[in-house]
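These notebook entries record what I looked up concerning charged side chains and their partners.

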Amino acid sequence: MVTDVRDLPPIWVTTTTVTAYPAEYQDLHRRVSAADGVIFLVPIHCYTACAPAKSISEILSTAMLWKPVGFVVGCGTHRSHLAISDLMISMIFDQQACCYPKPVHITRADIDDAGAVSHEIQERLVEFAKGFASFAGALRDLRRN
């Protein structure tokens, strides 16, 4: 399933109790709780993940307990590879999520004028998907035992 946070109603993050938020957030919380893993597609602004990604991670904190989380990151340069680390560290320590250690970084140079991603990015996305699926499956089995 795909959720675009821009489609959710605007809120102030004031609590970690999901029942305090509109029904759309409660539904998202239920879906994340039931999922084997979560992939965040996140833009980088000023060398850090965007604020809505952090807000959503806080709202979903109880749903992401020991949940595998992966990242596909839109950034200005491949040198921004550490920019997602602040969000990852927050998720590890605040939500106790299990962050997949190999995010995919995509820059404007990786996308042609028609909006297609380069062959290299396609290969990295396939490698990411396979690795993340294995990671999520292993953690799912671990959580069940």
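**Entries on salt bridges**

I first noted that aspartate 4 is partly exposed, at 27% relative accessibility (buried means under 20% relative accessible area, exposed over 50%, partly exposed in between, with a 1.4 Å probe and protein chains only). I recorded that the model is predicted, that local features need pLDDT of at least 70 and side-chain atom pairs count only at pLDDT 80 or more, while totals for chains, interfaces and linings use all residues. Residues are numbered from 1 along each chain as its sequence is written, and side-chain values use heavy atoms, with hydrogens and water left out.

I looked up the partner of aspartate 4 and found a salt bridge to arginine 6, at 2.6 Å from N to O (a salt bridge is a side-chain nitrogen of Lys or Arg within 4 Å of a carboxyl oxygen of Asp or Glu). Arginine 6 is exposed, at 71%.

How many salt bridges does the whole structure hold? My search returned 10.

I next examined helix H1 (residues 23-34), which contains both arginine 30 and aspartate 27, 3 residues apart, or about one turn of the helix (helices are DSSP runs of H or I, at least four residues, numbered from the N terminus). The two form a salt bridge, with their closest N and O atoms 4.0 Å apart. Arginine 30 is exposed at 51%, whereas aspartate 27 is partly exposed at 33%. I also noted a network of salt bridges linking Asp27, Arg30 and Arg31.

Finally, I found lysine 54 and aspartate 94 in a salt bridge of 3.5 Å, N to O. Lysine 54 belongs to helix H2 (residues 51-59) and aspartate 94 to helix H3 (residues 85-94), so the pair ties together parts 40 residues apart in sequence.

Key
Helices (H or I, at least four residues) and strands (E, at least two) are DSSP runs, numbered from the N terminus.
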